[in-house]
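Reader: I'm new to this one. Could you walk me through it with a few questions and answers?

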Amino acid sequence: MTSSFSTTRADRGETDETGETGRCRMPMGLDIVVSGTAPAELPGAGRPYPSRRAHRLVARDSGEYLFVGLRGAADVRGVAGVRGGSDVRGGSGAHGPRQTEDVFLGPGDICFYDAHGPATLDFPERFRMKVFLVPYESLGLDAADVARLAGTPVPRVSRLGSLLSPFLSELADTASSSLPPVGELLAWNAVNVLATLATERLGRDATATPDARTPLRARILEYIDLHLTDEDLSPETIAGAHHISARYLHRLFQDEGTTVGRWIQRRRLEECRRDLMIRARGGRTIAAVANRWGFMSATHFSRVFRAAYGMSPSEWRDTVGRGTPADRR
C-alpha cells in the first residue's frame, strides 16, 4: 500500500475549535499535531482507561515544546483531537482518585506522555507545541514501558535533547508538505529517533525491580537489525549469540504477540521497501535488493511483499520512482 498523507487546516493557516493548526498522518502509524494556542490537554487516543497516575506539565516560559504521545497500535485510526472532559482527567471511581504529579518543562524539551490519559497543561497563554503520536509497539515498547516513560522529559540542554529537539521540530514543520517518498523516509527516521529517546529514558529512569526482558529484548532486536543481510539468521543463531535457549527466545516474542520469524521477515521487508524507494532511479534490480536482505527466492519475496503492502515490488518501485521503467527487474 502506498504512503498516504492527510493534513488538516495547517495547509491553509487556519485553526479549529481545539486550537490545532495542523495534523499530519504519516506512514508507520505516526501522526504529527502542531498547535500555536494553549489547549487544556494534549491530544489523546480513543478508549481512555482509568489510571492512578496523572501528570500536569508545567511551564512558565513562552516558546516551543515537543511531546511524544504513546498509544496502542489498535488506536491509530481512532485518534481524538485535543480535548477536555472527565473521561480522561480521571477523578474517583473503582480505582480511587488519580494522583497528580507535576512535571516542569522548558522551551525545546521533549516529553513523553500516555495518550490514553493525556496530561493536563499549565502553560503560558501563548506557546507552540508539536506533538508526535506513535504506537508504542513501533518503538519496541510494551504497556509497562509506557507507564514508566509517561511524564519523563528529555531536556533541550541534554546531549540527546540538543541533537534531536531541532530535528523533530523541523520534521513537524515540513511533514505536511512532503511527497510520499520523502515522507516515508521522514516517518522512518522520526520513529527511529523516538525509539532512541525512549530507550535512553528507560535506561536512565529505571527504578524498583527492572524488567530483565526489556534490555535483553532491545539487544536482540538490535542484533537482528545488524544481521538482516545474513542468510543464516535464525532463532538458533540469535539465541546462541545471546546465551539463551531458543525456547526462551520464542517466549520473548510470543509475549509481544509475534514470532521471531515474522519479526525478521517484517524487518527485511521494511528494508527492501526502503531500498527500492531510495534506488528507484538506480541500477540495482529487485532481485538484487531482495537477495541483499536475505530473501533467497525472488518468487517468495514478491509474494510476501504483496501480502504486506498490497502491491508487487515493481509496482512499489515504479510508484515512488515516478516513471522508473517497470520492466527493470
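Reader: Is aspartate 173 buried, partly exposed or exposed?

Author: Keep in mind that this is a predicted model. Buried would need under 20% relative accessible area, and exposed over 50%. Aspartate 173 comes out at 38%, so the label is partly exposed.

Reader: Which side chain does aspartate 173 meet in a salt bridge?

Author: Aspartate 173 sits in helix α3 and its partner in strand β9, so the pair ties together parts that are 45 residues apart in sequence. The N to O distance is 3.7 Å, and the residue is arginine 128.

Reader: What about arginine 148, which residue forms a salt bridge with it?

Author: Look within helix α2, three residues away, about one turn of the helix. The closest N and O atoms are 3.8 Å apart, and the partner is aspartate 145.

Reader: How far apart are the closest N and O atoms of glutamate 200 and arginine 201?

Author: Here glutamate 200 is buried, with 17% relative accessible area. Arginine 201 counts as buried too, at 5%. Their salt bridge has its closest N and O atoms apart by 2.8 Å.

Reader: Which element gives the largest share of the lining of the largest cavity?

Author: The lining includes Glu184, Trp188, Glu270 and Arg274. Two elements give two or more residues to it, α4 (180-205) and α8 (260-278). The largest share is four residues, and it comes from α8.

Notes
Residues are numbered from 1 along each chain as its sequence is written. This is a predicted model: local features need pLDDT of at least 70, side-chain atom pairs count only at pLDDT 80 or more; totals for chains, interfaces and linings use all residues. Side-chain values use heavy atoms; hydrogens and water are left out. On a 1 Å grid over the protein atoms alone, a cavity is a set of points where a 1.4 Å probe fits but cannot get out, and a pocket is an open set with protein on both sides within 12 Å along at least five of seven lines; lining residues have an atom within 4 Å of a point. A salt bridge is a side-chain nitrogen of Lys or Arg within 4 Å of a carboxyl oxygen of Asp or Glu. Buried means under 20% relative accessible area, exposed over 50%, partly exposed in between (1.4 Å probe, protein chains only).
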